[in-house]
Each structure stands twice: as structure tokens, then as C-alpha cells.
Amino acid sequence: MLALVYLIIVFLLGDTICRRFFPFISLPHRIATGFLSGLLISTWLTYIFASFFGETTYPMLAGNLLFVAVAGGAIFLLNFRFPRANPDTTIDTEDARFKRADWITTGIFFLAAIVMMYGTFSMNNGNIRVGNHQSSDFGSTASIMQSFAIGHNFPTEYPHFTGDKIRYHFLFYFQTGNLEYLGLSPASSTNTLSILTLLAMLVLVMTLGTVLFQSRLVGRIGAILFFFHGSLSFIPFFEKYDSLAAAWEKLSKTQDFLSSGFPYRGEEWGVWSQVVYLNQRHLASSIGILLIVLIFIAIKHRDRLASAHALAKGQPDAASATVDAFAGPELDEPGSEQSLQNEPPMIAAGNDEETVVGGNDVGIDALDEDHPAVSEEGDSRTFDSTTSSIRWTDRFSPFLLAGLLLGLLPLWNGAVFAAAAGVLALMFLVLPLRREMLMIAVGSLILSIPQISYLRTGLQPAGYSLWYFGYTVNDPTIYKVLYYLAFTFGFKWIFIGIAIALGTRLQRLMMLSFTALVVMATCFQFSEEVLANHKFFNVWLVLMNIPVAFGIVQLWTLLPGSGVVLSRVATVILVFLVVIGGILDFFPIKNSFWVEYRFQNDRLVDWVRQNTGPRAIFLSHRYVNHGILIAGRRLYYGHPYYAWGAGYPTNERDTTYRKMFESQDINEVFDLIKKNRISYVAVDNTIRNGTDFIKKNNEKLFQAYFEVVFSDDENKYDSLKIYRVPESLGTPNPGVLSVSDATPTPLTTTNAFVGGEGVGNGQFSRPRGLALDKRGNIYVADTGNARIQKFDTDGNFLASFGKPGSAEGEIKEPNGIAIDDSGDLFVTDAFNHKLVKMDASGNVLKEWKGPDPGFYGPRDIEYGPDKRLYIVDQGRTRIVRFDPATEAFFAWGTAGEGDGQFLESTGIAVTADNVIVADNGNNRIQTFDRDGTFIRAWTVAPWEKYVWQYPDVVVEKSTKNFYLTCGTTGQVLIFDPLGNQLGVLDTEIKLGNPSGILLEKGKSKDRILLVNTAENRLSRLEIR
């Protein structure tokens, strides 16, 4: 109930403010504007008030009470003590008013939003359920929400990376947490805002279509097109199947989005489908704020044209004209033949209810040349009763408010703020009202600069250049980028072309302004991950769907007379081709499974809430999500991807984190824990078993010096134990520590074939790659330990090298190793996305980022007989050939299931003639010539497409048989050259998730040498 009252106040505040400055053409326009503006302003006020009381016990309570008092006072004063008439507009609001079809469409949008939001985030028997496509994103955003709802996140820190100020646009999730604090469940608080903001955005799309193209039908269709991105990815999908029945069978079960065939992994994540708005719930509201401003700007330019039109008709007082800018007073009805002659009619939908007015372009040029009496800054005028001059506040204050709204966006959604800046900057150049547009910039800068400075201060130096042409296109050229855009947005381009051809000058210039987003997306890089530029395309699509809708309506009646049938058939076919891809991409959303997190009546969550302080920080496994986070508490170091993407110094934290969990010096551990304000240490089997970042944990220190306050004796939480950090160290509990525990354990030296998990010499952590030099020495990519280990042919340790880290000359996740004729090593670093060259002693000689747009998770590497390197660039779904002599790169492959396409490929082998790829995600082997021409493929059914396995392949020279490692069965599979399985390699040696494999010369015949990744050792098998 309190949450409902809060939301009512949110709307009343936003509506009270906006009605004083913005004209509205319909009731839904007013409601959507009032709600989104009120939500943005209210969230800021509540957060600021709560932060002011951040040192008190109940900051959220204080923040809400103060907000209600301030908002209530403002609503009363502005409505009753200082009332003001609503601003006028020359637009005929009767014609723009919502009719039955508009309300029905809005109702359908509302129902669709409910299905989308609750279908991906809900509650079940008190547990939080998240769709599998959303689980990663919600690991971050739900944690932020809970840190406010039942935590005490003031001053605000990122829940996955404490000790530094937050660098993520978090305010939407503060508000969802606030609504949960006021009584809603986590799902209801998030979904309520998500549904209302998405609905408001779609209403504003309908409004912009009505204002800009003078047709409710255009606005309606433009909003509907939001659900259909228009990609041509359905074409390669259907090409793979012999019949529609086979395609339907695949669709009915698929949990994967359509693969476009482009090599970037994001093309399969659904960045062009509705999953973006399901994952990033704050995106729709941010775009809605931009739409509010664009609608206002469009109205003001139409008002300007109305003034010019009235002046051209000889009206004595042009500024007081109230006729529609696109239909002079002589028009008997909308769309009549008496409309202005210098522009074609705008809409001829065959239905008077759908047609608002005819077209006009008295024009931007006409205002400056034909009618000099109208100033460059002309506007719909409000006259003072005594001076008959324009009041400054009436002229500029609405634009200032528009700028202030945009200026509140950086901490709400920084990408949309950048998008708005790009669009409005181009509008300033191509449209009039430049002084008014400057007021938008002033208002925006006043509020945005402090936020941008706050977010950027202290960030790590960017490892990328701001100028970056090509977005995610490999080896980008203008042609390739244009092809990418044509493929990604498909037949919408035809309708855009029609809109450009038949639109008025104002409409064309508005569309031109929207292209700033395409330039930003394809020519710049604003974060570590260039894929993040998809948000500019997402905003561009929302805006350009309106011209697309106009093109659809125009094409419907483009040809006169008997040609109308052809025109309408063409329209139906093209619209079908626009929407088909979007329809197919609803299937993976429908078929997604739930990831559940315990919440209500859960022993761990209840214990954390009841027994730990709301500011408590936990040292734990690097969870994506967990009961600790669900309970509103924070982690010293959670999932590192979130922190890395936000620009936090993760390398430094890696070091400190490992010391606290691995050091045997209790004084060092305790000092670090205290320095980082950690209240509790949580240890589960992931930490104990060394399957995470920690290899040899020091839990005995915590057992000896800290009190156990929570013990998972039933193994419901992976045998979790929580230790409370004492105020000071006392004497250790008797019987816990032995003499050896009190001092650091020396590094052991172990034979590689004995191995074992650890950081000692000959011990490993998730090893993957193998290589042999000419002397028979063995090099192993010790992936989890971020190093290369060298052994003699019997497995005796010789050396270890590699400096862990992400800087130049450092390695973080070595995967594959190859050795050239001179004995130099080439190592693929999957985490740092690079190829590193070392000499035989481990000195780094050089490194490469790969062909454009750079490596992304390179895995295996092979040195071919042509003295060139062949690399599995897994993240780019391609094979890269590299010539060390010329440093020239060549690549082939795209994402998908077809010939020459790849999915999660892991291994590679090179023979005298061929390149063989272990295409793990497609459960098959593919063979190519050395120039990338496809030869053949065959299925390897036992691989079972499991992402945490890294199968590899090698070819025996004499028999030409293929030997494949298989993690699912723990075997080496044997295939003949034609792809027929001959059996498995007999061995009594236990194989645990075998990965890297190669052949070595034995006394009588070749032997198999492989990496037992799960066993953390090497194995040697005889070929019988």
C-alpha cells in the first residue's frame, strides 16, 4: 500500500511540474510524461534525502518521509498557490487525441509488458526466479536493489566490489529497492516499474509519430514495431532445414536466439531482441525521457512553422495563430485537396480516423528567407499583457526543464544520456531554435557534469582508443559496415527510404539527427566491451521505427488506381519480412528455464538479515548471486566481470583477495580484512576445493582465530561456514593449528604425471594447453595459475614462467601453446584476448591483439608446417592464421551451424594439407584447407556441447586417424579420415575432462600425451 501511495505521488509531482512547461496533445501523452519525469525526479530526491541520513539507523525511512513532505508541498504550491495555465500549441489536439484503436493498442502493450516482465522475473513459493537469459545481468542489478531494500548501502558502493564508490548507473535499481522497502516483493517492485516505464515509452513513441508525421496510425505502427527488430537472421536459419516442419521442431525447443552469421558472440545473445529490455530494466525509462524531449522539440518546431504559415497568409498577428502548422485554416478537413501545394499529402490511409492532417513544408528555409519578420529563434509566442513582448521565462524555461531532465540521466542510464547528447548536438546543427537548444545543453550540463566526473574519477586508464571504426565487424571496411547494418535491420531500410523520399523537410532533418546514433555506434568505443554500443542501436531503432511506420502507411496507397493492389501486396510482404525475425526470437524467451534463489523463509537469508549489520561486508567466493547478496549485504569481491566492465582495478583486488584466502600469516590476513572493513568470512566447498580463484585455502586460520556463527551442516549451501571477524586477535583455539600450519607451506616439486591441484612446481589448476620442443621438453598452459610450466620428457619440473596480470607482458588465462622452429613460444591468453610470444626462458618478446576487431577468448593454437600459426578465436567464432615473419593475419569463419561456421570451438590441428577444428558447440569436427576452404565435417556425438569442456584433436601421420579428447566420457575417441568412429583408446589410466592432446615419438611408435584438466596432471597413453 505504501508503495502505491509513493507511485501516485511520483506521478502527481511529475505531472504538476511538466504541465507548467510542456504542451500535451493527448491524455496518455501527459500521463506518460508525468510518470517518467516524476519517477526520475522522485528517485533523485529520495536518494539524496536518504544519503543525507546515511549514518542513521533508518536512512530509507528518512528519505521517503522527506520526499513525501517536499513533494507534497511542491504539488500543493504549484497547483493552488502559484497556478499557471498549460502551455498552448498550434497542433490540433482534437485530431491528435487517442481514439478507440489507440486505447486498444495501449492495452495490448500493457498485457505484453506484464507477460514479458513476469515471464522472466517472478517469485515462486517465496523464492526469487530469474529467466536463464537474465540470470547474469540480474546478478548485478538484483544485488544493487537488495542492498537498498534490506541493506544499508550509504555511501553507495557496488555490492560486488566494496571499498570504492559505485561506478554503475544504479538509480533505477535504487528505486526498485525502495519500492520493495515500502512493501512490494523483489519481483513486484522491479516488474511494476518495468511494466509502467515500458508502457510509457511505447505511448511516447505513438505520440512522437503523431506529432512528427501527423498520424495516429503511424504512431501506433511505430510502437508495435518495437517488438520486431527486422534482422535478416531468419534467412540463414531456414536455409539449414529441409522443411518447415524441421524448422518448427527446432524452434519449439530452442533456447538460443537466432545467429546472424556474423562472428561476434553478441549476435547470439539477443542484443537485437526484447531480451535487452528484459535484462536492462532501466533502458525503457531512459529512452522514454529522451522521447519526452524529442516530442517537445517537434511540437515547438511545428509551432514555429505555424507562425510562419500564418504570416505567409497575411494574418496581422502571426504569433497568435492557433491553426495547425501543417494544415492552414482554409482546409475543410484533414487531408483534403486544399492542403498546401508545396508538399505532397502526408497520409492517405483511407480512414479519416487515422488521418490527422495533410503535409506542409512552409519550411525551415522559408522561415529564414521568405519571412524575415519571423526571427531565427521564432516560437509559439506568449505575450505579456502590457508590453506584448515575449517573456523570457516562457520562451526558454521549457527548454531548460528538458535539459534538466536529460541531465538527471547519467546515474540512471549513462548510455542513453550519451545517445541524447549525440542526437541533440546534430539537431542543433540542422534545425532552428538554436538559442532554445542551447538552453537544453545548459540544463543538461549543470546536472550531468558532476555525475560524469563522479563516475570517471579514479577509473583505470582505458585500454582502448575512443575512435574505433566498425563496431563488431571483422576487418571493417565501409562496405562491410554497411552490409552489417543492412543485414541487421533488414527491410526496414526500404521503408526508411520511402520516409526520406516523401517526408517534409522537418521530418527529414529529424531523421538525420537520429543518425548520430549510428555514427556513435560504428565509429567510437566508449567502454572495454565494444558490444556495449548496441544501446545506441537500440535507441536508434526505437526512434526510426516511426519513419518505418510512415513508409509502411505510404507504400500501402503509393500506387494510384489499379496499382493499389500491387502496392498493398508489396506492403504485406515487406512487413512480414520485417517481423518474422522478431517472432522467431520470442521462442528462446518462451523456452527459457528458471534460475531460482532462495529468499523468504530461507535459513541462510534469514540468518544474514537477523544477525548481521545492514552495512556488513563478506569475504567469500566470487558469487554472481547468493543468499548473502539477496539478503542485502555486500561482497568484498563478487563476480569479477561486473567490476572489470565498470572499470574497477580488478588486478589489484585479485592480489589482495588471494592473500586473504591463501596466506598462512594470520597477522597479514587479519590486517587486510580489517583494512577492507570486512565483517564476515564465508567459506564453502568452492573455496575449499580450489575450483575458484583460490588454490590452497587457509580456512584453518579462520577456524583457529574466528568464531563460527553459521554452519551449513546439511550441505544446502555447499557446506558453507561463516566466520565472524573479531575486533582483535586473541589466542588460537586449541587443537586447530599444527606447527606446519603456523608457517607458510613451501612450494613442492611434483612430477607432471603425478600433478595435483595447487600452486607448487608440478601442480596445476585447470591446465589446458600442451606443446613439445625439439628436445622433447613439455610445456603446459597452467591456466588457473596464470603461468606456463616446463618439464622434461619424463615429467620432471624444469621451470615456471609468466607474470600474472592484464598489463602488457603479463598473462591471465593461458590456453594454448605452440613452439616455432627457433624454440620461441606462442601463448594464447583467453582472458586478456591476446597472443603472446616468449623465448624459451619465458621472457616476453612481443604480443598481438589479433585482426580487427581483436581476439576474444582465443583458445587453442597450432604451429603448421607452413611456419604459420593457426588459432581458435572462440569468442569471434573464427579461425585466425598468423604469419610470424610478416605479422599478417588472415581469418575465416562465422557463428552458426553451417559449413565453415563455428560455435564454442576449442581445439585445432594442422597437417601437411588440412586444418582440423574441434567445433565443440556444434558437436563435430570440421576440416579445411589451409586457406579456410571447407572440405568436410562429421558429428562427434559424445561431446554433448558442454561449455566447460575443451576437447582437442590430433592426427596420426601414418594412419591419418583422428584422436579426440572427450570430457563427457573421459576417453580418447578414435575416428578414421572419413569421420567413422573406430572406437576409443584403451587405457587403465583415469581421465578427468581431458583437453589438450598431442602426439610424441615413443621407442617404437607414437604415443598420446594429454592434459587431464579435472585431475590436474598429464597422462601418456600408448597407441595399440
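**Exercise 1. Decide whether Arg688 is buried, partly exposed or exposed, and then describe its salt bridge with Glu699.**

Step 1: Arg688 has a relative accessible area of 23%, and the classes are buried for under 20% relative accessible area, exposed for over 50% and partly exposed in between, with a 1.4 Å probe and protein chains only. Arg688 is therefore partly exposed, whereas Glu699, at 7% relative accessibility, counts as buried.

Step 2: This is a predicted model, in which local features need pLDDT of at least 70 and side-chain atom pairs count only at pLDDT 80 or more, while totals for chains, interfaces and linings use all residues. Residues are numbered from 1 along each chain as its sequence is written, and side-chain values use heavy atoms, with hydrogens and water left out.

Step 3: A salt bridge is a side-chain nitrogen of Lys or Arg within 4 Å of a carboxyl oxygen of Asp or Glu, and in the pair of Arg688 and Glu699 the closest N and O atoms are 2.8 Å apart. Helices here are DSSP runs of H or I with at least four residues, strands are runs of E with at least two, and both are numbered from the N terminus.

**Exercise 2. Describe the salt bridge between Asp102 and Arg220, and say which helices hold the two residues.**

Step 1: The side chains of Asp102 and Arg220 meet at 3.2 Å, N to O.

Step 2: Asp102 sits in helix α5 (residues 100–118) and Arg220 in helix α9 (residues 216–224), so that distant parts of the chain, 118 residues apart, are linked.

Step 3: Both Asp102 and Arg220 are buried.

**Exercise 3. Work out which strands stand at the edges of the open sheet of 4 strands.**

Step 1: The order of the strands is β19-β20-β21-β22, with antiparallel pairing, where two strands pair if DSSP finds at least two bridges between them.

Step 2: β19 (858–863) and β22 (888–892) each have a single partner strand and stand at the edges, so one side of each is left without a neighbour in the sheet.

Step 3: Strand β20 (residues 869–873) is joined to strand β21 (residues 878–883) by 5 bridges, and Tyr870 has Arg881 in β21 as its bridge partner.
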